Amino acid sequence: MVNNSISDQTKQTILKLQQKEITEQAIYINLSKRLKKESDKEILLNIAKEEGMHSEIWGRYTNKELKPQRFKVLFYSFLSIIFGYTFVIKLMEKGEVGSQNAYLKLSEEVPEATRVYHDEQMHEQSLIGMLDEDRLQYVGSMVLGLNDALVELTGTLAGLSFALQDNKLVALSGLITGISATFSMASSEYLSARSEDNSDAKKSALYTGIMYIFAVIVMVLPYLLFPSDKYVHALITMLILVVLIILIFTYYISVAKDLPFKKRFTEMATISLSVAGISFIVGILVKKFLGVDI
């Protein structure tokens, strides 16, 4: 039986929860459409069904029929394409902590809140049990490719920026170095995986190569966009992009694999920027003492 004597503040909280539940139902349904594994798809559809039931419960208090927030549904669908469904689900689960606290506070005025709270806990357990996305099995390869590219190419481009003082020459040198290093890293990862009797050695090499060449393209891009003599502008832009890549990728790994974010980001950014600084000084010294002038 619905309690009609609840406070206005509680009604507003319930309205927010209703909107959240109906939106998450749509998100889970969208995610399920992209899954090939039938067991995972079934879990998501069951959870979506429960989210819909929760929305109906809150609707009896608000007397409103809400629709999913279209932008939020599209946003999470986009994230799942870029980062995978594991990242999206865990990102959503992080938001459940605040909602569960809201459920507990509501329980005194709204008896159903306790049941919904326990359902949400079961959601989290079910979701964690299903997270075996293919790409997460190759996180080590992804980290290897990205880390190596960021450290190696950041230093190379920083050193060449002052040594050559010509963006087109720096871009040419960076692309040649980066593409060659991509094949080298992918081959090394393949041979390493094969030596460990890994049946998916080709996939490991592929993920390493993809992350490496992605970093190469992003880091060389400023040198192609800026005029030839604006090498300092290109260098600064490249370093900003490096920090952004580290930020985004570290956040992805921290969410998908439940790892600490701040420490990993600080460590990776410090190494890459330190190598860039040292290489820039090397470039200055090479140009000065060897008398290289292009």
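Q: Does H1 pass H3 in a left-handed or right-handed crossing?
A: This is a predicted model: local features need pLDDT of at least 70, side-chain atom pairs count only at pLDDT 80 or more, and totals for chains, interfaces and linings use all residues. Residues are numbered from 1 along each chain as its sequence is written, and side-chain values use heavy atoms, with hydrogens and water left out. Now the hand: a crossing is left-handed if the near helix is turned anticlockwise from the far one by less than a right angle, and right-handed if clockwise. H1 passes H3 in a right-handed crossing.

Q: At roughly what angle do the axes of H1 and H3 cross?
A: Two packed helices are described by the angle between their axes and the distance between the axes. Axes are lines fitted to C-alpha atoms, for helices over the stretch in contact, with angles from 0 to 180 degrees between N-to-C directions. The axes of H1 and H3 (residues 70–83) cross at roughly 35 degrees and come within 9 Å. On the H1 side, Thr-23, Ala-26, Ile-27, Asn-30 and Leu-31 meet H3 residues. Their H3 partners are Lys-72, Val-73, Tyr-76, Ser-77 and Ser-80. Contact means heavy atoms within 4.5 Å.

Q: How do the axes of H6 and H9 cross?
A: The axes of H6 (residues 139–164) and H9 cross at roughly 165 degrees and come within 11 Å. That makes H6 roughly antiparallel to H9 (angles over 145 degrees; under 35 is roughly parallel, 65 to 115 roughly perpendicular, the rest oblique). The crossing of H6 and H9 is left-handed. Among the H6 residues that meet H9 are Leu-146, Leu-150 and Leu-157. The H9 side includes Val-242, Ile-246 and Phe-249.

Q: How many helices and strands does the protein chain have?
A: Helices (H or I, at least four residues) and strands (E, at least two) are DSSP runs, numbered from the N terminus. The protein chain has ten helices and zero strands. Of contacts between residues at least 6 apart in sequence, 76% join residues at least 24 apart.

Q: Which side chains meet in a salt bridge?
A: Side chains of opposite charge can pair when their charged atoms come close. A salt bridge is a side-chain nitrogen of Lys or Arg within 4 Å of a carboxyl oxygen of Asp or Glu. The structure holds one. Glu-24 and Lys-20 form it, at 3.4 Å from N to O. The two are four residues apart in H1 (residues 8–33), so about one helical turn separates them. Both Glu-24 and Lys-20 are buried (under 20% relative accessible area; exposed is over 50%, partly exposed in between; 1.4 Å probe, protein chains only).

Q: What does the side chain of Ser-254 reach?
A: The side chain of Ser-254 reaches the backbone oxygen of Tyr-251 at 2.8 Å. Ser-254 is found in H9 (residues 231–256). Ser-254 is buried, at 6% relative accessible area. Beyond neighbours within four places in sequence, Ser-254 contacts Leu-259, Pro-260 and Phe-261. Phe-87 is 167 residues away along the chain, yet its C-alpha atom is 9.4 Å from that of Ser-254.

Q: Where does Asn-63 lie?
A: Asn-63 lies in the loop between H2 (38–62) and H3. Asn-63 is not a glycine, but has a positive phi of about 55 degrees. At 68% relative accessibility, Asn-63 counts as exposed. Gln-165 also has a positive phi of about 55 degrees. Gln-165 sits in the loop between H6 and H7 (167–195). At 29%, Gln-165 counts as partly exposed.

Key
A polar contact is a pair of N or O atoms within 3.5 Å; within protein, one must be able to donate a hydrogen and the other to accept it, and residues adjacent in sequence count only if both atoms are side-chain atoms.
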